[in-house]
Amino acid sequence: MKFLSVTIALVLCFAGIELSAGDTWHQPSGPNGNWQVDGDPPLRWSATRNENIRWRTPMPEAGMSGVTVWRDRVFVTTHVPIETIEEKEAVTDIIGFCLDANTGKRLWQVTLPGTAFISLAGGFTDGTVFAPITDGEHVWFFNRCGSMGCYDMAGNQVWTRTWKPRFKHNNRQAEPYLVGDVILYVEVADKEHGEKIQKWAAPGKKSAGTDVPEGVDEKQVWTYLHGIDKRTGKVLWRENVGTVVHNTPVVGRTADGKLAVSHARGGPHRPLETPAGHSLTRLAPGEAGKTIWSTSLERYDPSFASHWNQKYVFGFRGGKHVVLDAVSGKLLREQPLYTDATLWKFDSDNGDWTKQTHVAVKAGKGHPNTNQANLVIGDWHWFLSHNVHYLGRVNVESGVVEYLELPAQLMADTETRDKDVWLWGKGNPSNRPTNASGFAVGDKGQTGTGWGHISAASPTRVGRYLFLPVVTGTVYVIDTDIDALTPEALVSVNDLGTGGETWTLATVTYANERLYAHTMKEILCIEAEGDNELRSE
């Protein structure tokens, strides 16, 4: 019966039918595969004040994976603890944890060694960047430094696979996807030659270059979406047009009801995969990996989640919103995002927002969005701006563009929400986010607010509410059931820890009417008043 229920859930998930989150968030993109669920989430909390916190479990080292939930179990990854701050620049191994979803108690853990070093808690990635996946019978942990493993629900190893990844670029975005019995994973095709392409020769020392090895077909060292058999770890297929690691592929169904995945190429630092553009690839049995269409788009920087529906595929190029035909891949329109917008801007002189219409908004130098922080809800494509602390949205049909300025960072009071301080325009100047050992290892926490040039967490929608976490531990809650993006849409601004001392790149997830979050120091279970007695491990 358990197997049957899982199979039915997966079928409904990718049939375009929205499921209630219930008691699962089984993979990075959630039970519906689109970071969106029905539900009744907590809207206000504070980790600083232990307000609406059910439990919090300290973690031995920093990690940035989202929290995966299956009924009474929670799964998450961190790095193996470092002993000196110098070790931050060359970590390889991660730990996969299983926790009790009701108490936060650690039940078991496994270690996944890596083969290529990386910087701990980088602004774009580390080895823990991908959230675990579970189907209720097994759980899969992923180490960006070159391994993945399958375990049963008691922590016993079923299989592992290990390789040395191509590290021309770091990435957060291309998180794994479970579709039936197949795990979608972006990796280099030719592992032997791909491992020779490394950005760093040693910590702090750049390699001689990241060119394709002499005599090797360039396409063999591109990164592609691969289909991995979840039961054995064997590669079943790979697509043939390439997928840049800066992009988040998104699974859905075409107008004829067949499974497919939207993915893209392009971006800065001369990615190998060319030409820049967007593609739709089949996932149905017998057709998996075959290209439906592939559209070239010059100067495309797909540092976003490639959301789509049966009519359209969406993206950003320069200062414009891109709409492609989902059937043919034809470019239908590009909507300017920097002109003729409506903006609610905060006026520090009167302590309130003022409305401006038909204004120019320089939301970004190149692409308008903070990397990955975008989500399509109905006819609106929501995104965190890149250059300024604005939440933006564009109507995919009419092209209407709206912005709302949000506080750059929350400095929560230890006693009452009434004394919380919202910082505008700039973050706290003395942020020092530390790990369990007291080392300040969180890049982009000291100097940034989690907007702009950083690979941010994906937003999530629960019911009518959008949850937008940023690196400082500030989480914005937005009511999406609104006619216009005005200050009334901002339901609350909450914290995942003390302002200036907290760091996170993890998506906020939802199950059992609770929210789950992962910071550099701990895992948090957030629950509305009623049964929210604070519990610690």
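A salt bridge is a side-chain nitrogen of Lys or Arg within 4 Å of a carboxyl oxygen of Asp or Glu. In this predicted model, the side chains of E527 and R54 meet that description, with N and O 3.0 Å apart. The two residues sit in distant parts of the chain. E527 belongs to strand β39 (residues 522-527), while R54 belongs to strand β3 (residues 53-58). E527 counts as buried because its relative accessibility is 10%, under the 20% limit. R54 is buried as well, with a relative accessible area of 5%.

A further salt bridge ties E522 to R56. The closest N and O atoms of this pair are 2.7 Å apart. Again, distant parts of the chain are linked, with E522 in strand β39 and R56 in strand β3. This pair is separated by 466 residues. E522 is buried at 13% relative accessibility. R56 is buried at 16%.

The salt bridge between R231 and D229 has another setting. Its N to O distance is 3.2 Å. R231 is exposed, with a relative accessibility of 53%. D229, in contrast, is buried at 9%. Across the whole structure, the search finds 25 salt bridges.

The whole structure has zero. C525 shows why one such bond is ruled out: the closest cysteine sulfur, in C98, is 14 Å from the sulfur of C525, too far for a bond. The limit for a disulfide is 2.5 Å. C525 is buried, with a relative accessibility of 0%. C145 is also buried, and its relative accessible area is 0%.

The overall fold comes next. The protein chain contains two helices and 40 strands. Its C-alpha atoms fill a box of roughly 65 × 55 × 50 Å along the principal axes. The radius of gyration is 22 Å. For 537 residues, a compact globule would have a value near 24 Å, so the chain agrees with that expectation. Of the 537 residues, 61% are buried. Contacts also reach across the sequence. Among contacts with a separation of 6 or more, 58% are between residues 24 or more positions apart. The accessible surface comes to about 19700 Å². Carbon and sulfur atoms account for 48% of that surface.

Strand β20 (residues 277-282) gives a local view of burial. Five of its six residues are buried, so the strand is largely enclosed by the rest of the structure. Strand β19 (residues 259-265) runs antiparallel to β20, and six bridges join the two. In this pairing, R265 stands opposite G277 of β20. Strand β20 also pairs with strand β21 (residues 291-296). That pairing is antiparallel and spans five bridges. Here L280 stands opposite W293 of β21. In a regular strand, side chains alternate between the two faces of the sheet.

L259 lies in strand β19. Its relative accessibility is 14%, so L259 counts as buried. Between L259 and M59 there are 200 residues of sequence separation. Their C-alpha atoms are 38 Å apart in space.

A buried position can also occur in a loop. H246 lies between β17 (235-238) and β18 (250-253), in the loop that joins them. This histidine is buried at 11% relative accessibility. Which residues is H246 in contact with, leaving aside its neighbours within four places in sequence? H169, N170 and Q173 are among them. G266 and P268 are also in contact with H246. P302, S303 and F304 complete the list.

Note on methods:
Residues are numbered from 1 along each chain as its sequence is written. This is a predicted model: local features need pLDDT of at least 70, side-chain atom pairs count only at pLDDT 80 or more; totals for chains, interfaces and linings use all residues. Side-chain values use heavy atoms; hydrogens and water are left out. Helices (H or I, at least four residues) and strands (E, at least two) are DSSP runs, numbered from the N terminus. Buried means under 20% relative accessible area, exposed over 50%, partly exposed in between (1.4 Å probe, protein chains only). Two strands pair if DSSP finds at least two bridges between them. The radius of gyration is taken over C-alpha atoms; the globule rule is 2.2 Å times the number of residues to the power 0.38. Contact means heavy atoms within 4.5 Å. Accessible areas come from the Shrake-Rupley method with a 1.4 Å probe; for residues, only the protein chains shown count as cover.
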